[in-house]
Amino acid sequence: MSFPATRTYRHGARSMTTTRSDSAPVPPRVRVPEGTVIKILRDHYGLDVANLETLAGETDHNLRARLADDSSVMVKVGRRGTDGAAQAWHWQHTLIDAIARKAPDIPVSEPLHTTDGHKSVSFSADNTGYALQAGRWLEGRILADLPSHSPHLLQELGRTAARLVTAISELPAPNPQATHNWDLLTAPDTIRAQLTSVTDPEHRALAETVLTWFENEVTPRLDALPRANVHHDLNDFNVLAIAPAFGEQRISGIVDFGDALRTARISELAVAGAYAMLRKEDPIRSLADVVAGWAQATDSEPVEIDVVYPLAAIRLVLNAVTWTHRSPGHADPYARSRSRHTWPALRRLVQIPPARARILLHAAARLPAPKTTADLTDRLARTPASPVTDRKALAVDLSVTSTVFDGIQIGDAKGAHRAIHDTAGGCVPVGPHLKSRFTHVARRRTTTAPEPATLHLGCDLHLESGEAVQLPHEGTAQDPAGPDLVIRHELPDAPVFWARWRGLVHTPAPGTALAAGDDIGHAVGPVTVALFTDRAIAYGADDTYIPRWQAPSWQRISPDPSPYLGIAADDQTAAWDITRVQTSREAHFGRSQRSYYRRPMNLVRGRDTWLYDEDGLGYLDPINNVTHVGHGNPRVARAATRQLHRLNTNSRFVYDGIARYAERLAATLPDPLEVVFLVCSGSEANDLALRISRQVTGRQDIMVIDGAYHGNTSAVTAISPNRYKGPGGSGTPATTHEVPLPDRYRGRYGYDDHQAGARYAQHVDDVATSLTVQGRPPAAFFAESLMGTAGNIPHPDGYLREAFAAVRRQGGFAVSDEVQVGFGRTGDTFWCFESQNVVPDIVTMGKPIGNGHPMAALVTTREIADAFDTGMKYFNTFGGNPVSCEIGLAVLDEIEERSLQQNAAAVGGRFLHRLRELAEQHEIIGDVRGRGLYLGIELVRDRTTREPAAAEAMEISERLKDEGVISYPTGVHDNVLKLKPPMTITDEDVDVFVTTLDGVLHHG
């Protein structure tokens, strides 16, 4: 398979030293003959060893011993030094015993006892003294071997670190003053002693920057840091995880207690967090996840969280410098493996000032927010502010959710600009703090790239270029923050704060005392104002936009500038955000009304093939066959709006729209299909088809294809195997008769059977004939023209032709359900049934007919329609109302004028080709199939057995969503990713989907 199979771990090990030696040479790694190890394990442990596998290690000789019974044990061999490896191991065993007692669910490798009751064996080889110990083998993969780390796993890492420290914190250490070269609190000395080995100027500069951080951020707080015993080496080689393919990652082992010592308690979190940041595009978010997990398991003092980031950074510098010093040019493979990701990580970290990291980690640790922010907001709200300019400032919602931009398409910057100023009516429009902007949206990303920054930090004033800007409150100009003006404010009864003004020219010189109303510059476009209660943040946070996950952190130290500008603070308590929406759904919807995804997004806008949530994050939508001609289609919107202004009424009145639409729709269908019944949903259309079939034929029995779905009314649920045979279903009704699903991947007749269509159709003939022999001939055979909910399965050539003929021979009707696949979606024909060279007696249609507007239709022959008229009136109040008809006409115009059927053929063909190329790289893809823009990707756990990968399909869909691509499982086994995008999809959209899916499958 494309994702790595579960592998056993490789981890390093060090024997703890009790004195520091910054530049002393590291002793060579222990290497003991395998025969000696096997003999000791046999003689002293009674173990029958089949073979040994050498594992990585810094100094000790680490091995996996595979036993004759297929089990394994961990073996460690170390030198007996001055104090002896056995003595150091006694301390480690004490720690492991404490963990086993106090936190037994933390997986550690308990030492095995020898046959005479000892936990290690001393021996000599080559005139050198050694000690050997065997321990329980822990299954899993080291974190360094995982292609990605889920937030859940990183939080578990933090929780595990906290619980581990709690379990061992108060044990008496053999030497409380012991230290070693990896001790974080003495790391600067170790680094400086080895820094001459770092010849790369950039690397030296990175190290010096972090050393400065340590001096400024850690050294003043050292005495205040609580002490405890810690493992002190939860690096990515010493933590194991179980990572099932597309399953939940979880920690399965903690190894190597060789660096355990008594030191600052928070060092445990810093080391774990340091290695969690490796290979991450957004390292500070990974560290925040680890900190969040730590906070879930233990309380931390603010001073501890203050130093986590600089301590984590110094650990990475210590790693990089140490291995550069020990192995110049990285000639040693172990040295290379331990440091090759460290310098790139440090390059990212130095872009994140400690002050900024501190606020993010305080929020992650759930420390109380500084009271100064609330105090400042209260103070400013009670103070009339001077106007920003000689015009009044007016709060305007500029977010993606705002009604200001209704009628403006995403990406129309000029239209958005006009709408903003028209709304303000001559006032200065001011956008809200920490909300999205309609003009600044981005595709959502997580693992492969940092989450886009879409929330605006501060308020933006949309001024005319050159317009003078005046200071609302007295203050003092500070040194500029790059091109930005910083004003220090010290108002009565308020905490000191700093205002950062961006987008001004000709600003006052540093040190200038300013009164309220003084000019502070001229606008060169939108002017952004952000407030900070921390001077370091005012200078260190140069963002105009921040990612959503950081918003709670910024709220702690960056108050809403609205009161500062003389505007009422934005009240977001009533906002219909995702939390409020989900709460309301849970309170007022039934549990059966399920939404997509475990972690859904709150969608507020759409355009073509893209959807956007409340925070301006975009999602490619390749599954919405409802919005056939694209989300937010302007022609459809104009048609609906225009007709709503004119007339909307009961469809029993006479108006030209219904006649024009019926004529236009009928013209798309082959003769003799000409009589149109307009309804409101595909379910309603199929319900009417069922009623017509039974009434006209006088029969009750209906034939359907296994796995089919025809709607949600009581009547059509009874002819939908997907529902009545699924969870909560009541089984096959007496009048419903199934024929096998013509599935060439899983069915009896496969892709290699050129007669598959005729062979599957023979089952239709057999069932229809049998029913007639029983005296209950079928009223109709309902067939989706391409099986949708059953798994996006195209019919084999000739299937519908012979199946329809078989039913008609018994006097039944042939009903084509085109609710999902009609209107040119399959590319080669306008109606999917046409690709099978058939004309049904009744055709039903829905979903794409109105581009999301609730309308549907049934079209049949004049003969059948007349036979249905027995005197009982049929009408549908809303079906075919004037607004629906105009929308339907607009959809047909779009399909024709934009050549969307041709687009379905071209782009759909390329889509299918690219997916089949992808299947060659990923064994989890068992089958790729479809026509035009109706495709399916069937996922399996094994290509030979074709075991459905249902759980994996759901997890892959969740991960795709997190990467900004919408997908969802369907099919009889819920293991098929459905693809039925808006017809406006482009080749670029296809590339986004395929590339993203490829990445998700590679990461497993």
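A residue counts as buried when its relative accessible area is under 20%. This cut-off is applied below to a predicted model. A search of the whole structure finds 58 salt bridges.

Glu894 and Arg635 join their side chains in a salt bridge, with an N to O distance of 2.6 Å. The two residues come from distant parts of the chain, 259 residues apart. Glu894 sits in helix α25 (residues 882-897), and Arg635 sits in helix α17 (residues 634-646). Glu894 has 6% relative accessibility, so this residue counts as buried. Arg635, at 22%, counts as partly exposed.

A salt bridge also connects Arg136 with Glu110, at 2.7 Å from N to O. Again, distant parts of the chain are linked, here 26 residues apart. Arg136 belongs to strand β5 (residues 128-136). Glu110 lies in the loop between α2 (85-102) and β4 (121-125). Arg136 is partly exposed, at 37% relative accessible area. Glu110 is partly exposed too, at 28%.

In the pair Lys725 and Asp706, the closest N and O atoms are 2.9 Å apart. Lys725 is in the loop between α21 (721-724) and β29 (736-739), while Asp706 is in the loop between β28 (702-705) and α20 (714-717). Lys725 has 44% relative accessibility and counts as partly exposed. Asp706, with 25%, is also partly exposed.

Salt bridges can also share partners, as one network shows. Glu217, Arg221, Asp306, Arg358 and Asp534 are joined in this way.

Terms used. Residues numbered from 1 in each chain as written. Predicted model: local features only at pLDDT ≥ 70, side-chain atom pairs only at ≥ 80, totals over all residues. Heavy atoms only, no water. Salt bridge = Lys/Arg side-chain N within 4 Å of Asp/Glu carboxyl O. Helix = DSSP H or I, 4+ residues; strand = E, 2+ residues; numbered from the N terminus. Buried < 20%, exposed > 50% of the residue type's maximum accessible area, 1.4 Å probe, protein only.
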